[in-house]
Amino acid sequence: MDNDAQENVKEQPLKTLVKDYFSRKYLFHELSDSVIGKSGQKWNFDAIIKTDDAQFGVFIKDWNRSIGINQVRLLEKACLDCKFDGGLIIGNIFSSHAKSYGKYKGVQVVLKGDIIRRTRGY
């Protein structure tokens, strides 16, 4: 990838990067409506990723501040309520507590920089 293409990847909105990256390997479905869980609660997922045998809820947080443990807990709760196999939360910066809690609870915490590096093939 040349330097211009690399800069274009960095400048893309996070939602676009996520969609492009995950659509290569999985069924990526952006959501505009809420998903209603078994409790009757409405959950606002940004997307759902489907593999052959699993389904994952996705939160995309393009924030200019650190994403905390509360967002990871919210995703965990939403995925359990909707009977998903797990969840991914994707953002620019995460607190250390959010990362460790996600790892402990099986919620994948993914940095924008990781997606950019994987897109480039590093």
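Exposed, in these notes, means over 50% relative accessible area, and buried means under 20%. I am working from a predicted model, so everything below is computed from that.

**Entry 1: K83**

I began with K83 and asked where it is found. K83 is in the loop between α3 (69-81) and β6 (86-91). Is K83 buried or exposed? Its relative accessibility is 60%, so I put K83 down as exposed. I also looked up its backbone: K83 has a positive phi of about 60°, although K83 is not a glycine. I noted that for later, since most residues other than glycine have a negative phi.

**Entry 2: α3 and α4**

Next I turned to the helix α3 and its packing with helix α4 (residues 96-105). At what angle do they pack? I found about 25°, with the axes 8 Å apart. That angle is under 35 degrees, so α3 is roughly parallel to α4. I recorded the crossing of α3 and α4 as right-handed.

Then I went through which residues meet. From α3 I listed I69, V72, R73 and E76. Their partners in α4 are H97, A98, Y101, G102 and K105. Sorting the residues of this contact gave me four nonpolar, two polar and three charged.

**Entry 3: T119**

My last stop was T119, which I found in helix α5 (residues 112-120). Buried or exposed, I wondered about T119? Its relative accessible area is 18%, so T119 is buried. I then followed the side chain of T119 and saw that it reaches the backbone oxygen of I115, at 2.7 Å.

Definitions and conventions:
Residues are numbered from 1 along each chain as its sequence is written. This is a predicted model: local features need pLDDT of at least 70, side-chain atom pairs count only at pLDDT 80 or more; totals for chains, interfaces and linings use all residues. Side-chain values use heavy atoms; hydrogens and water are left out. Helices (H or I, at least four residues) and strands (E, at least two) are DSSP runs, numbered from the N terminus. Buried means under 20% relative accessible area, exposed over 50%, partly exposed in between (1.4 Å probe, protein chains only). Axes are lines fitted to C-alpha atoms, for helices over the stretch in contact, and angles run from 0 to 180 degrees between N-to-C directions. Angles under 35 degrees count as roughly parallel, over 145 as roughly antiparallel, 65 to 115 as roughly perpendicular and the rest as oblique. A crossing is left-handed if the near helix is turned anticlockwise from the far one by less than a right angle, and right-handed if clockwise. Contact means heavy atoms within 4.5 Å. Ala, Val, Leu, Ile, Met, Phe, Trp, Tyr, Cys and Pro count as nonpolar, Asp, Glu, Lys and Arg as charged, and the others, Gly among them, as polar. A polar contact is a pair of N or O atoms within 3.5 Å; within protein, one must be able to donate a hydrogen and the other to accept it, and residues adjacent in sequence count only if both atoms are side-chain atoms.
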